[in-house]
Amino acid sequence: MDKFYKKSIGASLVLVYLVIVAGALVRMTGSGMGCPDWPKCFGYYIPPTEISELQFQENRQYESGQVIIVDEKLFVAAKDFTSSASFRESDWKPYTKHDYAIFNPVHTWIEYLNRLLGALAGLAVLLMTVYSFLSKTTVLKDKLLTFATLLLMGFQAWIGATVVYSVLNPIKITVHMLVALLIVGMLFTLYYRAQEKRSFAVSIPHWITATALFLTLVQIAMGTQVRQFVDEQVKGLGIEPVSQMLENAPSIIYIHRSFSIVVFALAVYLFVKLRHTELRKLGNIQLFVVSAEVATGILMYYVDFPFGTQTLHLVFAALLFGCYYLITLRAKAVTPTIS
C-alpha cells in the first residue's frame, strides 16, 4: 500500500501541473467561457461539436438540464420532454448565472479538456488520500495533509465555477491560480515526506530560498493582472500592435518586469551555491526554467505576444515555484567551516 501511496503523490503532481498547462492554454486562447455552465458543458457531460446541437429542434427528446441558445440567450430544459413543433417557454427556464451565450467549438473543447484534467487530478488526489489512510507507515500528520489537499481540490473546483459565473473576473482568476500553486506546494511536501525527508547540507540561508519562492508567487499574481489588462485593452480598444499599448500601461507592468531581474539574480545565486552539492540538478533546472521564463517575457513584451508564449510563460512560472519549493524543503542550511 505504501508503494501505491507514493506513486499516487507523483501522479497527482503530474496531473495538477497538466491542469495548470491546460489552464494557461485556456487563458491564451480566450476559451474560459467555452463552457458557460458548470460542472457540465452546455448541459452535457461530453460537450457539443456543432451549433445545431444547441439550437431548438422539433420532435427531439430533451433531458432536464440540457442547454440551448435562443435569440442569443441560454435556456435550460426544466424537465425531460419531447419538443413540439415550436419553442415553448414553459418547457424551459432562462439561465440566470450570466448572459454569455456564445458557442465556439474550439473554445468549448479546450475548456472541456481543462475540466477533464481537473477531474482526473481530483480523482488522483482522492486515491492518494485513501492510500494514505490505508497505509500502516504513513504518520497521522501526513494523512491529515492528504485530506486537507483533497478538501482544497474541492475548493479549487468551486472557485473554477465562480470564475465561469463571474464571466472571468480577473481577481477570481488570480485566486484560482494561486490556490493551484498552494496545492502544488502541499503535494511537494507530501512527496518530500514520503521520500524519508531526504535533505542535503548546503550553505544557503532558508530566508533566501523562501524569498525566491515568495517572489515567484508575487510574479505570478502580477502576471495574471498584466495579461488581463492586455486582454481588455485589445478587446475593448483594438489597440495593435500590443507594444504600442504598453507604452502607456499601468505601473504594475513595469513592477512585474523589474521583479524578474531580482528573481533571475536569485536563480544565478542558487545555481552557484548548489552546483557542487547533491542539489546541483535542482540548481541547474531552476536556472534553466527562470531563463526560459525571462525569455518568454521578453518575447511577449517586445514581439507582441507570439502565439504560445503566454502559456509557456505561466507554465515556466509554475515549474519555478515547484523548484524553489523543493530546494527550500531539501536544503539543510549549514555554516561553512573555515579551514
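## Turns, strands and salt bridges in a predicted model

Just after helix α3, V167 takes a positive phi of about 55°. Helices here are DSSP runs of H or I with at least four residues, strands are runs of E with at least two, and both are numbered from the N terminus. The model is predicted, so local features need pLDDT of at least 70 and side-chain atom pairs count only at pLDDT 80 or more, while totals for chains, interfaces and linings use all residues. Residues are numbered from 1 along each chain as its sequence is written, and side-chain values use heavy atoms, with hydrogens and water left out.

Helix α3 can be checked by its length. The expected span of a helix is 1.5 Å times one less than its number of residues. For the 26 residues of α3 this gives 38 Å, and the end C-alpha atoms are 38 Å apart, which agrees.

**Backbone features in the loops**

The loop between α1 (2-29) and β1 (61-62) contains P39. A cis peptide bond joins W38 to P39, with omega about 5°. F42 lies in the loop between α1 and β1 as well. This residue, F42, has a positive phi of about 55° although it is not a glycine.

Is F42 buried or exposed? F42 is buried, with a relative accessible area of 0%. Buried means under 20% relative accessible area, exposed means over 50%, and partly exposed is in between, using a 1.4 Å probe and protein chains only.

D71 also is not a glycine, and its phi is positive at about 50°. D71 lies in the loop between β2 (67-70) and β3 (73-77). With a relative accessible area of 69%, D71 is exposed.

**The paired strands**

β2 and β3 form a hairpin with two residues between them, and D71 is in the turn. Two strands pair if DSSP finds at least two bridges between them. β2 and β3 run antiparallel and are joined by four bridges. Within this pairing, I68 stands opposite F75 in β3.

β3 is also joined to strand β5 (residues 92-94), by three bridges, and these two run antiparallel. There, V76 has K93 in β5 as its bridge partner. Four of the five residues of β3 are buried, so the strand is mostly covered. In a regular strand the side chains alternate between the two faces of the sheet.

**Salt bridges**

Side chains of opposite charge can pair when their charged atoms come close. A salt bridge is counted when a side-chain nitrogen of Lys or Arg is within 4 Å of a carboxyl oxygen of Asp or Glu. How many salt bridges does a search of the whole structure find? The search finds four. The table gives examples.

| Salt bridge | N to O distance |
|---|---|
| D91 and R88 | 3.1 Å |
| R115 and E111 | 2.9 Å |
| D142 and R193 | 2.3 Å |

The pair D142 and R193, with its closest N and O atoms 2.3 Å apart, links distant parts of the chain: D142 is in helix α3 (residues 140-165) and R193 is in helix α4 (residues 170-194), 51 residues apart. Both D142 and R193 are buried. Elsewhere, salt bridges that share partners join K79, R88 and D91 into one network.

R115 and E111 both lie in helix α2, four residues apart, which is about one turn of the helix. An α-helix has 3.6 residues a turn, so residues three or four places apart point the same way. R115 is buried, with a relative accessible area of 15%, and E111 is buried at 6%.

**A nonpolar patch**

M1, F4, L116, L120, L123, L126, L127, V130 and L134 make a nonpolar surface patch of about 770 Å². Patches are made of residues with over 30% relative accessible area and no salt bridge; like charges are joined within 9 Å, and nonpolar side chains (Val, Leu, Ile, Met, Phe, Trp, Tyr) within 5 Å. The accessible areas come from the Shrake-Rupley method with a 1.4 Å probe, and for residues only the protein chains shown count as cover.

Which helix gives the most to the nonpolar patch? Helix α2 (residues 105-134) does, with seven residues. L126 is in helix α2, and at 39% relative accessibility L126 counts as partly exposed.
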